[in-house]
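I opened my notebook to look up how this fold is put together. These are my entries, in the order I made them.

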Amino acid sequence: MNAVGVVGIVLVSHSAQVAESVAGLARGLAAGGAVAPVAAAGGGPDGGLGTNAELVLAAAASVDRGAGVVLLADLGSSVLTVKALLADEELPSGSRLADAPFLEGAVAAVVAASTGAPADAVAAAATEAYGYRKT
């Protein structure tokens with residue numbers, strides 16, 4: 001897979017460690033070929049818990065390959081931060097917030113993006129993770 005034209009994934013969490021860990025897990029489970037670019041944007045401006053719009057913007061820019069960026073957020077202010085950045089058109093063109101569970105959605109999004117799927121299909125794969133049954 002050529003890195004140009006691949007959908008990028010950004011994981012936005014209140015915790016830098018959670019965002020990095022989920023990104024690592026998703027990359028690992030999507031391995032076996034080229035893996036789509038994934039960036040973690042976790043933690044607040046002081047490095048503690050919280051959300052930092054500057055980190056989200058930097059992460060989105062780092063994974064943007066021209067095919068769109070799908071963002072997944074854990075909860076609360078992470079979701080609000082991404083929505084505000086989208087409303088203000090500060091994120092790369094073609095960016096979208098997936099309505100998806102954070103961990104399962106991240107894995108599904110990275111796997112789909114790694115196959116070369118377009119942004120709509122990547123976001124849909126993440127959203128479909130709500131249906132994963134464990135019983």
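Helices on the sheet. I started with helix H1, residues 16-30. Helix H1 lies across S1 and S2. I looked up its direction too: H1 runs at about 165° to S2. Next I turned to helix H3, residues 77-87. H3 packs on the sheet and touches S1, S3 and S4. Its direction makes about 150° with that of S4. I note that the model is a predicted one.

The sheet. In what order do the 4 strands of the sheet stand? I read S2-S1-S3-S4, in an open sheet with parallel pairing. The edge strands are S2 (38-42) and S4 (95-97), and each pairs on one side only. From one strand to the next, the twist averages 20°.

One pair up close. I picked strand S1 (residues 8-13) and strand S3 (residues 69-73). They pair in the parallel sense over 5 bridges. Ile9 stands opposite Val70 in S3.

The whole chain. I found 5 helices and 4 strands in the protein. Along the sequence I wrote down the pattern β-α-β-α-β-α-β-α-α.

Inside and surface. Of the 135 residues, 47% count as buried. The accessible surface comes to about 6,300 Å², and 57% of it belongs to carbon and sulfur atoms. Last, I checked contacts between residues at least 6 apart in sequence: 77% of them join residues at least 24 apart.

Terms used. Residues numbered from 1 in each chain as written. Predicted model: local features only at pLDDT ≥ 70, side-chain atom pairs only at ≥ 80, totals over all residues. Heavy atoms only, no water. Pairing = 2+ DSSP bridges. Helix = DSSP H or I, 4+ residues; strand = E, 2+ residues; numbered from the N terminus. Axes fitted to C-alpha atoms, helices over the stretch in contact; angles between N-to-C directions. Contact = heavy atoms within 4.5 Å. Buried < 20%, exposed > 50% of the residue type's maximum accessible area, 1.4 Å probe, protein only. Areas by Shrake-Rupley, 256 points an atom, 1.4 Å probe, with all protein chains shown as cover.
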